[in-house]
Amino acid sequence: MPLLSLRDITKRYPGVAALDAVSLDVEAGMVHALVGENGAGKSTLLKILAGAERADSGVIELSGETLHLTTPRDALRRGVTVIYQEFALVPSLGADANIFLGMEPMRAGLLDGAAARRDAGRALTELGAAFDPSTPVTLLSTAERQLVELARALVRDARVIALDEPTAALSSRETAHLFVQVRRMAERGLGVIFVSHRLEEVRALSSRITILRDGRRVWTGGTAGIDDATLIRHMVGRDVEYERLSRGPDDRSKPEAAGDTISDEVLQVRGLTRRPRFEDVSFALRRGEIVGLAGLVGAGRTEMARCLAGVDPWEDGEVLLHGRPFRPLSPGDAIARGVAYLPEDRKTQGLVLGISVRENTTLPVLRRFVRRGALDFAAERRAAAEYLGYVGLAAATLERPAATLSGGNQQKVVLAKWLLANADVLIVDEPTRGVDVGAKVDIHRHLRGLADKGKAVLVISSELPEVLALSDRLIVLREGRVSATFDAADATPERVLAAALPGGRAA
Amino acid sequence: MGDRPSDGPGQTAKVARRTARSRLALFGVPIALAAMTILAAVTIPGFLSPANLTTILLHVSINAVLALGMTFVIVTAGIDLSVGSIVALCGVLAAKTLTSATLLGAVGPLGAAALAVAVGFGVGAGVGALNGSAVAYLRVAPFIVTLATMTIARGTARLVTGGVPVGYPDPGAPAYEAKVAALDVLHGLGGGRITLPGLPGGFPVPALVMLAVVAAGAFVLTRTRFGRYVYAVGGNEEASRLSGVPVPHVKLAVYAISGACAGLAAVLLLGQLRSGGPDAGTFYELNAIAAAVIGGTSLLGGTGSAWGTLVGALLLGVLNNALDLLGVQAFWQEIAKGGIILLAVLFDVWVTRTSAAAATKR
């Protein structure tokens with residue numbers, strides 16, 4: 001008998017069947033991976049399991065006993081813990097207080113802080129955490145917060161743990177550590193549900209896989225019994241592979257219009273330094289070229305991009321834009337001078353979710369639509385529609401709040417916004433994070449299209465296959481310094497990874 | 001690719017709330033205002049008389065002007081607690097200007113009145129800009145900054161007046177007639193009426209000022225680049241900054257606008273009462289916040305409208321007036337006002353819950 005059994009779970013939202021009779025069995029001591037594109041129904045399934053949403057029909061059984069989960073508290077009490085990507089921690093409280101939140105140890109009617117600290121400390125130590133249990137969560141890194149969530153499950157004697165995209169913001173080392181802990185929890189007899197977009201992680205961790213597509217279960221079976229191509233085909237219902245869009249030096253030497261050559265260096269970065277984030281970073285961006293910036297999370301890629309975009313100041317070094325000194329005072333200044341930055345988190349940095357898609361698209365260049373002091377809505381709408389149409393969004397989305405779009409479409413709005421800004425240099429940070437495979441391919445093509453128009457593009461991505469597929473040249477940052485540069489032809493995943501990993505240490 | 005929301009539950013709910021908010025501002029509050037007006041018209045004799053209706057407008061005008069400025073601030077997810085004290089400070093400074101014998105001797109009653117308006121407006125905008133600088137550049141929480149300004153402005157108003165109102169001169173005081181004349185000029189602005197055919201008693205001038213201010217506010221919020229920035233900053237400050245929006249300038253400006261509105265309200269009040277008191281404007285900030293919130297401005301920022309705020313202020317005005325006419329004790333009126341604010345918020349929560357799914361599944 002499986003430890004956890006979900007049978008024929010159906011959930012409808014007005015107009016959509018988010019889940020259509022989905023069944024899933026999780027055995028004790030096993031890791032069961034749940035994969036699917038965005039909107040396939042994974043998150044809804046987890047929410048139902050967590051007691052945060054109620055299924056319209058279907059049964060959840062734990063060790064053969066039917067569970068009626070109406071609140072998250074029910075689920076936790078029955079031993080079901082769901083760890084969301086964005087976490088459910090109170091940042092201002094200590095790790096110990098978070099771990100015992102809702103089940104605080106008491107003594108004589110008062111909080112027993114010492115017991116909480118002690119037991120939380122024990123659980124954290126068991127998970128290999130090296131921080132004081134009373135540290136406020138706000139001071140912890142993403143990986144450490146994850147350990148807090150896991151410790152919370154441990155002290156609650158969880159029997160089933162579901163992890164939603166746990167590695168999205170982790171470095172390889174942190175991921176490896178997390179996997180060790182998850183395996184140990186499985187060895188202790190817990191059932192684990194693992195949701196991930198990263199197939200290599202699914203292979204590394206899980207013994208069974210369930211694939212969801214459009215709210216239906218399309219495949220379940222042993223991990224060993226399916227190859228990547230089949231898996232992806234099931235996920236998307238079609239064959240998708242990153243199209244290799246990189247260009248060799250031969251292609252790039254072709255002459256461009258108006259006498260410009262591709263070797264024109266638009267942006268030159270010399271010895272750029274902002275301690276302790278990055279130090280002595282030098283490189284150049286040329287017209288018509290996509291340069292990939294690879295490295296582990298925390299290697300200083302985003303921090304450097306933010307400096308170039310005028311978000312943060314740098315300490316030392318110089319930057320030349322079209323051969324002239326460039327030191328932006330603000331993002332607005334950088335944009336005005338032709339350097340645009342597409343930030344890594346579209347929901348908190350890329351979009352104003354409450355205003356319309358049109359208003360988001362025109363925000364950086366609103367100045368253009370001012371006629372005699374007032375906004376010219378018709379001109380604004382025309383421009384927004386043109387660029388949204390170009391990235392493949394229907395005109396019907398123009399007036400909708402940005403929040404109502406899927407992740408992939410939101411990212412296309414961000415892209416349209418920066419296309420409209422018409423910058424000479426575009427720095428894109430994790431352009432396809434949390435975006436489904438089909439939208440990824442579209443976004444890749446648009447970035448290549450920009451380069452073809454003579455723009456210089458710098459791509460930061462933690463997904464190695466993505467950087468490799470896109471970049472004409474690759475720069476690898478390691479602990480804040482440039483550790484290697486490659487031409488597209490010479491870059492292999494192994495070589496890039498070797499350059500990105502901290503020196504001397506194995507992966 | 002589908003358009004199912006893939007956002008976290010919090011985000012979706014927040015946006016649904018905003019969508020519902022704006023819908024509430026569009027329909028809910030005007031309907032409530034209409035219902036209350038009809039109810040009052042049917043049950044209270046004399047409520048619908050032109051004299052009474054213009055009285056309501058007169059009484060609403062000062063709060064509506066303050067609430068309009070407050071709307072700018074709240075849309076950026078800020079708050080301005082200092083407007084009531086700014087009304088007092090600007091009122092006494094304008095009154096001192098207006099009744100200064102030397103000034104009256106130099107520029108006459110009309111000139112002194114113009115200067116008084118300028119002083120009220122300028123001091124208000126200046127104090128507001130100080131609020132804005134602290135919020136924008138020193139990054140102090142708006143609640144704290146404006147709480148401090150609220151106390152400082154009130155204290156300053158008491159200090160410069162010795163705690164007593166400035167205004168109507170004693171007969172026999174130097175330049176008595178010029179002072180009265182100057183106060184009369186300003187009374188034309190704050191308490192005067194312009195005659196309209198078919199409207200006995202005329203239309204109150206401050207209500208005209210209010211309509212002009214609200215119309216200007218609506219234009220700025222919806223039709224200008226600055227207005228768009230106000231909504232963007234309130235909706236997502238970080239995304240706005242990364243999009244090149246000059247966030248600190250926008251914040252500075254909204255507090256300056258709120259302060260200027262308070263200065264204007266002070267001048268209206270001074271004209272109406274012919275006196276500027278250091279204790280004037282107490283709790284005005286709360287009435288202004290109430291009008292904005294009832295009118296659909298979310299304290300979370302990102303939503304709100306000038307016309308919605310006007311309707312919110314009118315609703316409070318009609319309520320006060322109806323209870324007055326019914327002879328309800330003032331204490332009960334306060335309780336009723338609190339109840340209305342609570343009802344507005346509850347209604348909003350209800351609308352949000354019922355429309356949350358629809359708002360995100362369109």
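Visitor: Across which strands of chain A does helix α1 lie, and at about what angle does it run to β9(A)?

Guide: In this predicted model, helix α1 of chain A spans residues 42–49. The strands it lies across are β3, β6, β9 (160–164), β10 and β11 (208–213) of chain A. Relative to β9(A), helix α1 runs at about 145°.

Visitor: In the open sheet of six strands in chain A, which strands stand at the edges, and why is one side of each left without a neighbour?

Guide: The order of the sheet in chain A is β6-β9-β10-β3-β11-β12, with mixed pairing. Each edge strand has a single partner strand, so one side of it lacks a neighbour in the sheet. The strands at the edges are β6 (80–83) and β12 (216–222) of chain A.

Visitor: Which residue of β10(A) stands opposite A:His32?

Guide: Strands of a sheet pair through backbone hydrogen bonds, in either a parallel or an antiparallel sense. For β3 (residues 31–35) and β10 (residues 191–195) of chain A, the sense is parallel, over four bridges. Opposite A:His32 stands A:Ile193.

Visitor: At about what angle does helix α6 of chain A run to β10(A)?

Guide: Helix α6 comprises residues 172–187 of chain A. It lies across β3, β9 and β10 of chain A. Its angle to β10(A) is about 150°.

Visitor: What percentage of the residues of chain B count as buried?

Guide: The secondary structure of chain B comes to 13 helices and four strands. A residue counts as buried if 20 or more other C-beta atoms lie within 10 Å of its own. Of the 362 residues of chain B, the buried share is 54%.

Methods:
Residues numbered from 1 in each chain as written. Chains lettered and ligands numbered in written order. Predicted model: local features only at pLDDT ≥ 70, side-chain atom pairs only at ≥ 80, totals over all residues. Pairing = 2+ DSSP bridges. Helix = DSSP H or I, 4+ residues; strand = E, 2+ residues; numbered from the N terminus. Contact = placed C-beta atoms within 7 Å. Axes fitted to C-alpha atoms, helices over the stretch in contact; angles between N-to-C directions. Buried ≥ 20, exposed ≤ 12 C-beta atoms within 10 Å, placed from the backbone.
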